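Here is a note for a colleague who is new to reading protein models. Please keep the sequence and the structure open while going through the points.

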Amino acid sequence: MLVALVTAAVVGLTPGVASPLQEKLDGVVGIGAVAEVRDGRAVWRGSSGVAELGSSRKVPVAGRFRIGSITKTFVATVVLQLVAEKRIGLEDSVERWLPGVVPNGANITVRQLLNHTSGLYDFKDTLPMPPSPEFYALRYRTWTAAEQIERALAHPPVFDTPGSRYDYSNTNYLLLGEIIEKATGRTYAEQIERRLIRPLKLHGTTLPGTSPYIKGPHAHGYIPKDGGQLDYTEMNPTLFGAGGDVISTTRDLNRFFAALLGGHLLPARLLDAMKTPGTPDKAYGLGLSWHDTTCKIRVYGNDGDALAYQAYSFSTEDARRQVTVAVTPHLPDNPDKSVDAFVDQAICR
């Protein structure tokens, strides 16, 4: 299924294009930011801010970061590859794969997990959040998908009829991770490694398991505590699991989305399904989202929030123009609008 990708030569963008990009990146709200913009063979990479509070060290341009819910696009791609291989069906029920796990699982499909129309309660909403002392005490705790799912399903669904509404829930992707393992005998992490990371040569991308560390060059990430910022770079990523535990780089994310949107990872019918909204009012398909820039060019990709890191990766449909940005936010300030401005600058110039 995978088509070998030829590595293009890296050619810098002209100064007249690069300078406004740096200005917009400098305007991104946060402690530090790193970005890669691609336009055909031309590539611009830049960073802004500092890699660590209290230092003047620059954010490493090739640095790694937690990508949060962009992980979901990796998981969805693996599921759809298994659909292409006829090992999983989009209309298969959750009950078929995980018997007895999900109340009403006979009426919830794999498709509804992928596009967040299952109605299942979000595991994230069962957790304490800052400034609760209990939140900080959980920093190095190892979670299993089974206990996360059990916590979520102790709550009733947010709506009664699966498929009738959109409601974003990390529980959906925890279940998909379990279904991948049931269908293949390998964990979702092993499947992502085998099917995506190795073939695409995503050398900066890892699934860390229980390791709290970000290996290699990286900026520090922070969360609020006692009126200041607590270094939260180290934490047990099983908290995120199949919903958001991947660590990557701007280069790797652009490479992944170029392969995906370029048709190298999925048959056309399944890539089209990925771009089809689960409900008419939401721009979210099967693990893939999209929005229109200010110049009316539609971009596809995803964004992710991993507590101390926020990441955004979007490409034009033909993957000619791409932009990936990672921010270490200065919470509670939200970088979304300033990142949107950077994306517009990258895509609309």
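Does cysteine 295 count as buried, partly exposed or exposed? The first point takes this up, after a word on the model.

This is a predicted model, in which local features need pLDDT of at least 70 and side-chain atom pairs count only at pLDDT 80 or more, while totals for chains, interfaces and linings use all residues. Residues are numbered from 1 along each chain as its sequence is written, and side-chain values use heavy atoms, with hydrogens and water left out.

1. Cysteine 295 counts as partly exposed, because its relative accessibility is 31%; here buried means under 20% relative accessible area, exposed means over 50%, and partly exposed lies in between, with a 1.4 Å probe and protein chains only. Cysteine 295 forms a disulfide with cysteine 348, the two sulfur atoms being 2.0 Å apart, where the rule asks for a pair of cysteine sulfur atoms within 2.5 Å. Cysteine 348 is likewise partly exposed, at 26% relative accessibility.

2. Helices (H or I, at least four residues) and strands (E, at least two) are DSSP runs, numbered from the N terminus. The torsion about the S-S bond is about -80 degrees, so the disulfide is left-handed.

3. Helix α6 covers residues 145-153, and its buried residues are Gln148, Ile149, Ala152 and Leu153. Seen down the axis of α6, these buried residues fall within an arc of 125 degrees, so they line one face of the helix; the arc is that of the directions from the helix axis to the C-beta atoms. In general, an α-helix has 3.6 residues a turn, so residues three or four places apart point the same way. The buried residues of α6 pack against α7 (170-184).

4. Helix α9 (residues 250-261) is mostly covered, with 10 of its 12 residues buried, among them Leu253, Asn254 and Phe257. The 12 residues should span 16 Å, and the end C-alpha atoms are 16 Å apart, which agrees; the expected span is 1.5 Å times one less than the number of residues. After α9 comes glycine 263, whose phi is positive, near 80 degrees.

5. Serine 313 is found in strand β10 (residues 310-316) and counts as buried, because its relative accessibility is 0%. Leaving aside residues up to four places away in sequence, serine 313 touches several residues, including Leu253, Asn254 and Phe257, where a contact means heavy atoms within 4.5 Å. The side chains of serine 313 and threonine 324 are joined by a polar contact of 2.7 Å; such a contact is a pair of N or O atoms within 3.5 Å, and within protein one must be able to donate a hydrogen and the other to accept it, while residues adjacent in sequence count only if both atoms are side-chain atoms.

6. Serine 118 lies in the loop between α4 (110-114) and α5 (133-137), and this serine is buried, with a relative accessible area of 2%. A polar atom of the serine 118 side chain lies 3.1 Å from the backbone nitrogen of leucine 120. Setting aside residues up to four places away in sequence, the residues that serine 118 touches include Ile108, Phe159 and Asn172.
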